[in-house]
Amino acid sequence: MNTHKVLVIEDEPALARLAQEYLTRDGFDVTTAADGERGLALARELEPAVILLDIGLPRVDGLEVCRAVRSFSDAYVIMLTARGDELDKIVGLSVGADDYLVKPFSPREVVARVRAMLRRPRTLPDGAAAARRFGELTVDPLGREVRVGDRVVELTATEFDVLATLARSPNVAFSRTQLIESIWGPGWVGDERLVDVHVGRVRRKLGDDAGDPRFVRTVRGVGYRMGPG
């Protein structure tokens, strides 16, 4: 039986009940909150593994909740956005969300996304545990730590997974599809710009210049690969 805690922060009662019912049936310990202020308090109190977070919340909106959560938690955050609202998706990811779901969503898709998130801290492949260096940058997969010089860089779980995947095969140019399949799973469906947003956040935190990057390079027409640092 799965005992991971999931926090659903959603102000539409029917959607919150549906997500809670299906996740509970799948063995998760689910708590709901109907506004951002209460959701933020529960995120601190319960320390959930996954947070389903609506953007349009009363009292404190979902973007502010996500920003605040990222100051004290590495929980996976899945944003719930309105259908066709591309800006909400991109902005939500830019403040630290790991993934998104478009409403109205299938409850089975909710369960599948949550389970996919929790499968990600998997056993490292053979030879992948060694720390890799790229100039000043050190990526330590075993300790899940990133340093630039002596500075520890605080990445979200997804940001770390993106960087570690690239670092594991530094001579490989990964397409966005390959990164999605490696990190989010082969069943993920959505906008491949998800990868671009996370790479952008990684670059900013590393102090990498997107126009002339040292660490994460864009391979035109393909995707991304590691640079020499």
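Modeller: Helices (H or I, at least four residues) and strands (E, at least two) are DSSP runs, numbered from the N terminus. This is a predicted model, where local features need pLDDT of at least 70, side-chain atom pairs count only at pLDDT 80 or more, and totals for chains, interfaces and linings use all residues. Residues are numbered from 1 along each chain as its sequence is written, and side-chain values use heavy atoms, with hydrogens and water left out.

Colleague: Got it. How many helices and strands does the protein have?

Modeller: Eight helices and twelve strands. The radius of gyration, taken over C-alpha atoms, is 18 Å, close to the 17 Å that the globule rule gives for 229 residues, so the protein is as compact as a globular protein of that length. That rule is 2.2 Å times the number of residues to the power 0.38.

Colleague: What's the order of the strands in the open sheet of three?

Modeller: S10-S12-S11, with antiparallel pairing. The edge strands, S10 (174-175) and S11 (216-219), each pair on one side only. S11 is joined to S12 (residues 223-226) by four bridges, and Val216 sits opposite Met226 in S12.

Colleague: Switching topic: is strand S5 mostly covered or uncovered?

Modeller: Mostly covered: five of the five residues in S5 (residues 99-103) are buried. Buried means under 20% relative accessible area, exposed over 50%, and partly exposed in between (1.4 Å probe, protein chains only). Asp99, Leu101 and Lys103 are on one side of S5, with Tyr100 and Val102 on the other.

Colleague: And which sense does S5 pair in with S4?

Modeller: Parallel, over five bridges, with S4 covering residues 76-82. Ile78 is the residue opposite Asp99 in S5.

Colleague: Where does Pro104 lie?

Modeller: In the loop between S5 and helix H5 (107-119). The peptide bond from Lys103 to Pro104 is cis, with omega near -5 degrees. For background, most peptide bonds are trans, and most residues other than glycine have a negative phi.

Colleague: OK, what about the phi of Glu47?

Modeller: Positive, about 50 degrees, although Glu47 is not a glycine. Glu47 is in the loop between helix H2 (36-46) and strand S3 (50-54), and counts as exposed at 63% relative accessibility.

Colleague: And where is Arg144?

Modeller: In the loop between strand S7 (137-140) and strand S8 (145-148). Arg144 has a positive phi near 50 degrees and is partly exposed, with a relative accessible area of 41%.

Terms used: Pairing = 2+ DSSP bridges.
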